[in-house]
Amino acid sequence: MTAPASGDSIRRRLLIWLLAALVSLGVVALFDTWREAVATANTVSDRVLAGSALAIAERVVVSENGTLEVDIPYVALEMLTSAAQDRVFYRVDGPQGTFVTGYETLPTIANHPGEGSAFADAEFRGEKIRLAALGRSASTGISSVPFVVTVAETTIARGQLSETILLRSALRLAILIAVAAAVVWFAVAASLSPLARLGAAIARRSPSDLHPIDEAVPAEVRGLVDTVNSFMARLGTALAGLRHFTGNASHQLRTPLAIMRTQFALSARADTLAAAREAARTGDAAVAHAERVLAQLLLLAKIEETATERAMQRVELAALARAATAERIPEARAAGIDLGFEGHEPVTIRAEPLLVGELIGNLIGNALAYAGRGAEVTVRVAIRSGRAVLEVEDNGPGIPPERLDTARRRFWRGPDPQRPGAGLGLPIVEEIATLFNGALALAPGSRGGLSATVTLPVAATPEPATAA
Ligand SMILES: Nc1ncnc2c1ncn2[C@@H]1O[C@H](COP(=O)(O)OP(=O)(O)OP(=O)(O)O)[C@@H](O)[C@H]1O
Ligand SMILES: [Mg+2]
């Protein structure tokens with residue numbers, strides 16, 4: 001037995017879930033790391049930028065004619081050019097924004113506070129730059145002249161630094177995800193190995209071995225195993241029932257076969273023609289009995305398979321019962337029984353018509369067989385309390401009340417087992433009724449005898465066909 005190739009696997013599912021979760025978390029973490037890296041790179045480089053602005057500011061002096069003069073110390077800019085690709089710019093501005101020296105086109109920070117440093121991002125000559133502006137004043141001894149030193153550098157080194165940080169954490173994350181995936185891969189294999197053992201243990205069993213599975217399994221699988229165990233227990237009960245039934249059935253057939261053999265032997269050894277005829281008659285009755293048993297057994301086997309949902313249809317019970325009754329009138333007349341039908345309104349049920357026919361036939365057959373000469377048998381169809389009711393009532397000897405339950409059992413036959421009957425009619429009626437969500441009730445008839453009543457759900461009225 002192979003499993004249907006659904007392509008589904010616990011391992012794949014777990015991996016997909018885990019990877020989806022890890023990757024989403026990873027993306028969030030990387031985004032956070034990126035922001036952190038940029039901030040760190042900025043802080044570090046800003047400090048250097050501020051230092052170099054300070055170094056320049058310290059070299060700003062006021063000349064004798066009152067103008068500002070700067071002697072740019074090369075160390076001041078050198079400390080910035082450690083990252084070779086970056087370029088460095090500066091400018092010094094005097095009071096009211098008068099340009100003193102440096103790159104005149106270099107942007108400055110507007111609204112710069114008089115003293116202290118400020119930072120900003122800007123663009124210069126088509127490149128991204130970071131600006132640091134430092135406000136100071138140079139003193140002549142009499143007056144002090146305020147000025148602003150602006151130092152800028154391109155941001156290549158900063159970008160590289162944050163990129164390196166980002167790449168490293170991405171790599172760490174990728175390794176983490178790969179390791180987690182590998183762990184899941186092997187952990188699932190290890191966790192599922194008890195299932196493989198369980199499968200092997202079941203495969204080793206003989207088909208008749210329905211003992212509960214007692215293999216050690218993980219707690220998650222325990223429920224499944226319990227379900228299988230309870231299923232096997234039910235299967236065991238059903239199989240035992242079937243074995244019992246088969247035993248009974250073969251016994252029911254063996255008896256008439258034995259009678260036939262005896263009668264054949266008797267007729268072969270008979271001295272007179274009359275004795276041979278008598279033996280043949282008895283043998284023939286045994287054949288009829290075997291025939292009946294076989295017919296009923298076949299019908300019983302057919303009940304379940306016939307009533308598929310597709311075979312179910314709307315059945316007019318009253319018409320069906322009326323026809324079935326009419327069919328049996330010659331037989332009833334021969335048996336000296338007055339067979340009649342009562343039912344004035346159509347009663348529609350949902351069922352399989354052949355099985356309903358067998359149900360009615362069995363009930364009428366019983367009445368004709370057991371009510372006795374001179375009896376009256378009435379077949380009724382009506383709706384009572386919203387349910388379809390089929391009743392076959394006779395005024396024969398009936399079944400004693402304490403035997404009414406027993407009469408439903410398979411192979412139970414009344415006090416006169418010589419009559420040809422399989423003892424399966426009432427069980428068949430009950431099974432068919434149950435199949436169509438109905439029930440069989442046996443009760444003493446209103447005028448003695450037996451009343452066998454089958455109640456069934458009335459079919460829902462069909463939607464009226466809408467005219468186009
Ligand atoms: N209308 C009835 N009046 C009296 N006894 C009945 C009536 N219907 C059934 N019985 C008793 O119940 C027994 C069981 O009936 P059931 O129809 O199950 O089996 P059967 O008639 O013996 O065999 P078959 O399977 O051929 O119908 C009968 O043998 C008979 O003794
Ligand atoms: Mg019967």
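A residue is near a molecule or strand if its C-beta atom, placed from the backbone, lies within 6 Å of it. Keep that cut-off for the ligand stop.

This is a predicted model: local features need pLDDT of at least 70, side-chain atom pairs count only at pLDDT 80 or more, and totals for chains, interfaces and linings use all residues. Residues are numbered from 1 along each chain as its sequence is written, while chains are lettered from A and ligands numbered from 1 in the order in which they are written.

**Stop 1: ligand 1.** Select its shell. 23 residues surround ligand 1, and the closest are Asn366, Gly414, Gly421, Gly425 and Leu426. Color by class: eleven are nonpolar, nine polar and three charged. Here Ala, Val, Leu, Ile, Met, Phe, Trp, Tyr, Cys and Pro count as nonpolar, Asp, Glu, Lys and Arg as charged, and the others, Gly among them, as polar.

**Stop 2: the helices there.** Helices (H or I, at least four residues) and strands (E, at least two) are DSSP runs, numbered from the N terminus. Show helix 5 (273–306), helix 7 (353–370) and helix 8 (425–435); each supplies at least two shell residues. Which helix gives the most to the shell? Helix 7, with four residues.

Stop 3: Five strands form an open, antiparallel sheet in the order 4-3-7-6-5. Strand 4 (99–102) and strand 5 (116–124) are the edges, each pairing on one side only. Two strands pair if DSSP finds at least two bridges between them.

**Stop 4: strands 5 and 6.** Select 127–139 for strand 6; nine bridges join strand 5 to strand 6, and the two run antiparallel. Zoom to Ala118: it stands opposite Ala133 in strand 6.
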